[in-house]
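I opened this notebook to keep track of what I looked up, one topic at a time. The chain and its fold come before the entries.

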Amino acid sequence: MSTPEQPPGTWTAEPTDGLTDVASTSMVGRLAATVDRLRREVQAAQAEADGRALIELAKGILIERLGCGPAQAARQLTELTEQGEVGLLELAVDVINQAARDRLSEITSTFLAATAGSHDARDTSPAVRLREAESGALAADDTQSVADSLLQHALAPLGAVAVAIWAVGADGCLTLAGSAGFSAAEAERWRYVPPGVATVARRALSGRTTQWTASLTEAGQPTIGRTHYPYGGRVAAPAGVGGRIHGVLEIAWPSPLEPQSPQVARQVEALAELCAHTLESRPLLSDRTQANAPYVTPGVAELIDLIDGLHDPALILEPHLDDGGRLADFRIRHVNSRFVDPAGRPRGVVNGALLLEAYPLAAGESELFQHVERVYATGEPFRDHRMDLTALVDQVPLSSMADISLSRHGDSVLLLWRIEEETARLASLLQHAQRLGRIGGFEENLLTGEITWNGTLYSLYGRSASDTPVPLEDLPAHAHPDDAVAIGRFLRTLLHHRRPATAAFRLQRPDGVTRHLRVVAEPVLDAENQLFIVRGACQDISAQHWTEVALAATRDQLAHSEQQAHERNRLTLQLQHAIMPPAQAPLQAPGLQVAVRYRPAETEQLVGGDWYDAVVLPSRLVLLCVGDVAGHGIEAATSMVVLRNALRGLAVTGAGPGQLLSWLNIVAHHLTGSITATAVCGLYDPARRTLRWARAGHLPPVLVRDTEANPLPLLKGILLGAVPEATYEEGEVQLAVEDTLLMYTDGLVERRDRSVEESMAQLLTSARTVRTTLDHQLDRLLTYSRSDTDDDTCIVGIRVS
């Protein structure tokens, strides 16, 4: 029951006892059932009204086709219904489709053919749903009612739960003209979408094609109702007619959308076209969206007045439709007084013509027609800063580039271009080239005495623009006296022989600065072959002159340096060959064959400090040694001579090889300017066939016995000259008859791309092949050496006999 404190119709349960609860529950249930019954009756009445409108339309078609009255048309429909065993409403829709032959009837026919027998006979057929949607849209008072009708009659049977109709503004904005299935709060939040916001509807507008989105989660685009149906599918179809898109129809599903048949896709496109006709016919905006309606642009008359006051060429284009209502071309409605046809035709020829007729190549490489078509369809403006207007027509005499601007105003497209002529661009480039190259131009009329200079030439001469230019005949007075002959020859060739001439001279300016100039001029003859004008240019070549002077001095200095380097290398090579000739006579030692090989560096500039020695000492022992001084050039060669001679002198003392290297280290560190070197020193005893040896940072000798080749054990010993004092470990090896011992420098094995271990393995492989003589074996090692460091190479070989 109601109380005074409560508004009428409000019920409150009073927990007095269980009977009261049951009574309240029963009354609420009856009220809910009544409300549900009334809602069904309203829906049925609305459906009956829509169906009655379609039946009455079918009667009207039969009256016109059969020439009968209303009663006879009604009896005819009844008889056809009984004969065809179909419903009266479905038969009426079939009559309408056959008479209309419009896009909706075409969609209905293909849809029925594809889904024949698939729908339940108890349900309303697709044909009826589409015609009921059309009838509801045409009878609607605003776009909101259109959205309700589309969702109820055509889209809900397809599983859709919501629909939004967007109107496209002149600036490309989207305004929510009507919606169904979305909450009022959601529609209020999405009442206006600014241009450039990438929504689902915007993608359909920009692409001008229907966009099918299986799931909003995968698409990741904002749109109305995303919070309510985050996993649902969406379809956005551009609502266009006659080539212009008036809006976008967006349909929402509650769950991911499976791929749809072509018939369903065409049905959605037909509904979008129906929305386009609705948006085109009148501004069907409800009171809720009327305040956010797109800005209405002025009419064509105002637009003509606008472009006539512009300083850039402008055209007004209007759509031209074919007999089927499709966009075929654009007609040039008006051109302003600044317009200049790229083909040179009068404005009257272009004004009023079709765009593709006046400029047949507009749909070609320039794609101008496609841009105009897109701007007219979507309302989004277009800009291009470098469009070649010569691509519009064939055989255009004027080559020009233009800044293009396209925008839609109402039903018209405004085309603006700002021409940048080829001659203007070339003149600008020429001015920049003259400025960068410091080139000044002049022209002198020999009959009137009038002289014209450009600004650069005034600057070269050190004069202001108000000063009088210098005539050609006065040029010697402003030049260096030593250049008088060159200037006189230039003037004689130009003025007397009347031929083009050039000359280089030194200009002495009033401010005391001397500039080096090159002048180039040519005569201009009149009709009687008489000289009356001289044109030319002067270029400042001071920087080039001083650069040439500097280059000449540098070339002289380089030639002198090269000559000194060549002489230095020649002396170094002579010194090296004098001490260690590449071929040396065999050493005479009892029971021992000794052979040496020396290969200088292939490049003379890399003369190194490799050295060797093989000599019989007074004690009858044989001194065998090889060494390598760090560095190249004459310093390395002289250091090599010092170490080699010092070792010979020290060996006479009878000391062992370790002691000899210790003394040689003192010589290298203290007496030769702190050079560093590596060496191997050995003393061979022919009587015992033993070799005592030591090393100072050098590679150990290689012993070749039978078919085996192995390096001797690595002894301790730092390189020469590294420290003031050093001791060197000695080793002794017992040799046998036919044994061969090889001592060498690193130039034999050193490679840039391999380690020392890999190079030593290659040397041992080559050394295992024993030749008939020791000389042949050393020659083979040099021939097959894979060293690539361009270093000197020394080899000392001994063979016990």
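**Entry 1: ground rules.** I am working with a predicted model, in which local features need pLDDT of at least 70 and side-chain atom pairs count only at pLDDT 80 or more, while totals for chains, interfaces and linings use all residues. Residues are numbered from 1 along each chain as its sequence is written, and side-chain values use heavy atoms, with hydrogens and water left out.

**Entry 2: the whole chain.** I looked up the secondary structure and found 22 helices and 27 strands in the protein chain; here helices (H or I, at least four residues) and strands (E, at least two) are DSSP runs, numbered from the N terminus. Of the 801 residues, 43% count as buried, where buried means under 20% relative accessible area, exposed means over 50%, and partly exposed lies in between (1.4 Å probe, protein chains only). I also noted that, among contacts (heavy atoms within 4.5 Å) between residues at least 6 apart in sequence, 59% join residues at least 24 apart.

I then followed strand 6 (residues 244-252), which pairs with strand 1 (residues 162-168) in the antiparallel sense over six bridges. Across this pairing, Ala-167 stands opposite Gly-247, and Ile-165 stands opposite Leu-249. Strand 5 (residues 234-241) is joined to strand 6 by eight bridges, again antiparallel, and Gly-240 has Ile-245 of strand 6 as its bridge partner. Strands 5 and 6 form a hairpin with two residues between them, and Gly-242 in that turn has a positive phi of about 65°. Is strand 6 enclosed or open to the outside? Nine of its nine residues are buried, so strand 6 is largely enclosed by the rest of the structure.

Entry 3: Helix 6 (residues 143-155) is mostly covered, with 10 of its 13 residues buried; among them are Val-146, Leu-150, Leu-151 and His-153.

Entry 4: Strand 15 (residues 514-525) pairs with strand 16 (residues 531-540) in the antiparallel sense over nine bridges, and Leu-525 stands opposite Leu-531.

**Entry 5: one arginine.** I checked Arg-780, which lies in helix 22 (residues 774-783). Is Arg-780 buried or exposed? With 18% relative accessibility, Arg-780 counts as buried. Its C-alpha atom is separated by 8.8 Å from that of Ala-767, 13 residues apart along the chain.

**Entry 6: the cavities.** I found two cavities of 30 Å³ or more. On a 1 Å grid over the protein atoms alone, a cavity is a set of points where a 1.4 Å probe fits but cannot get out, and lining residues have an atom within 4 Å of a point; a volume is the space filled by probe spheres set on the points, which are joined across faces, edges and corners.

The largest cavity has a volume of about 120 Å³. Of its 13 lining residues, Leu-748, Gln-762, Leu-763, Ser-785 and Arg-786 are the closest to its centre. Helix 21 (residues 756-767) gives the largest share of this lining, four residues. By class, the lining has five nonpolar, five polar and three charged residues, where Ala, Val, Leu, Ile, Met, Phe, Trp, Tyr, Cys and Pro count as nonpolar, Asp, Glu, Lys and Arg as charged, and the others, Gly among them, as polar.

The second largest cavity holds about 90 Å³ of space, and its lining divides into 10 nonpolar, no polar and one charged residue.

How values were computed:
On a 1 Å grid over the protein atoms alone, a cavity is a set of points where a 1.4 Å probe fits but cannot get out, and a pocket is an open set with protein on both sides within 12 Å along at least five of seven lines; lining residues have an atom within 4 Å of a point. Two strands pair if DSSP finds at least two bridges between them.
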